[in-house]
Amino acid sequence: MKPWSHWARVLLTAGAGLFIVLIFLNSSLPAAQSSTVSGGVVEEINALLKEADLSWEVTDHMVRKTAHFLEFMGLGILVFLAIRSYTPHPACHLFTGLFVGLMVPVSDESIQLFVEGRSGQVSDVVLDFTGFVTGTLLFFLLFFLFTRKKRCAFSWKPPAS
């Protein structure tokens, strides 16, 4: 094992774990505090759209759902990067990664059942898991392109003279 492999495993695994903790911390915010954060984002985006002379307007709902999707898309990429650091064949561990990708949103929405003004929603679990699957597909697309390019580079033979 190369020394950088060990540190890559530690950093990627810790990064995925920390990302999950941050997701859970966001879910533990009371509704009023969460609304203040997303409301600020809505105001910033709408100000940028107005400055760009676009007549579009984003809503709090749009920002929240997009944040859910993107947050879990990032988690999907990070989880499979961590899995890849342990094996050259991450597809063999697809079920494990997808299991994590489903259990985190289920846990996330369950946490919200106990937070003031929040509620757990099955539709958010579906949205989160869809984001995770999208991140997973993006990871495998890039993984395939990178390993294919690498394989082609090593299989090249100089022309006979």
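## Contacts along the chain

Among contacts in the chain between residues at least 6 apart in sequence, 71% link residues at least 24 apart. Keep in mind, as you look around, that this is a predicted model.

## Fold and overall shape

Let's turn to the secondary structure. The chain has five helices and zero strands, and reading along the sequence gives the pattern α-α-α-α-α. The radius of gyration of the chain is 20 Å, well over the 15 Å that the globule rule gives for 161 residues, so the chain is more spread out than a compact globule.

If you are setting up a box, the C-alpha atoms fill one of roughly 70 × 40 × 30 Å, taken along the principal axes.

## Burial and surface

How much of the chain is buried? Buried residues account for 27% of the 161 residues.

## Where H2 meets H3

Helix H2 spans residues 31–51 and helix H3 spans residues 60–86; the two pack at an angle of about 100°, with their axes 9 Å apart. Angles of 65 to 115 degrees count as roughly perpendicular, so H2 is roughly perpendicular to H3.

Which residues make the contact? From H2 come Ala31, Ser34, Ser35, Ser38, Gly39, Val41, Val42 and Ile45, while H3 brings Asp60, Val63 and Arg64. By type, the residues of this contact of H2 with H3 divide into five nonpolar, four polar and two charged.

How values were computed: Residues numbered from 1 in each chain as written. Predicted model: local features only at pLDDT ≥ 70, side-chain atom pairs only at ≥ 80, totals over all residues. Heavy atoms only, no water. Axes fitted to C-alpha atoms, helices over the stretch in contact; angles between N-to-C directions. Helix = DSSP H or I, 4+ residues; strand = E, 2+ residues; numbered from the N terminus. Parallel < 35°, antiparallel > 145°, perpendicular 65-115°, else oblique. Contact = heavy atoms within 4.5 Å. Nonpolar A, V, L, I, M, F, W, Y, C, P; charged D, E, K, R; others polar. Rg over C-alpha atoms; globule rule 2.2 N^0.38 Å. Buried < 20%, exposed > 50% of the residue type's maximum accessible area, 1.4 Å probe, protein only.
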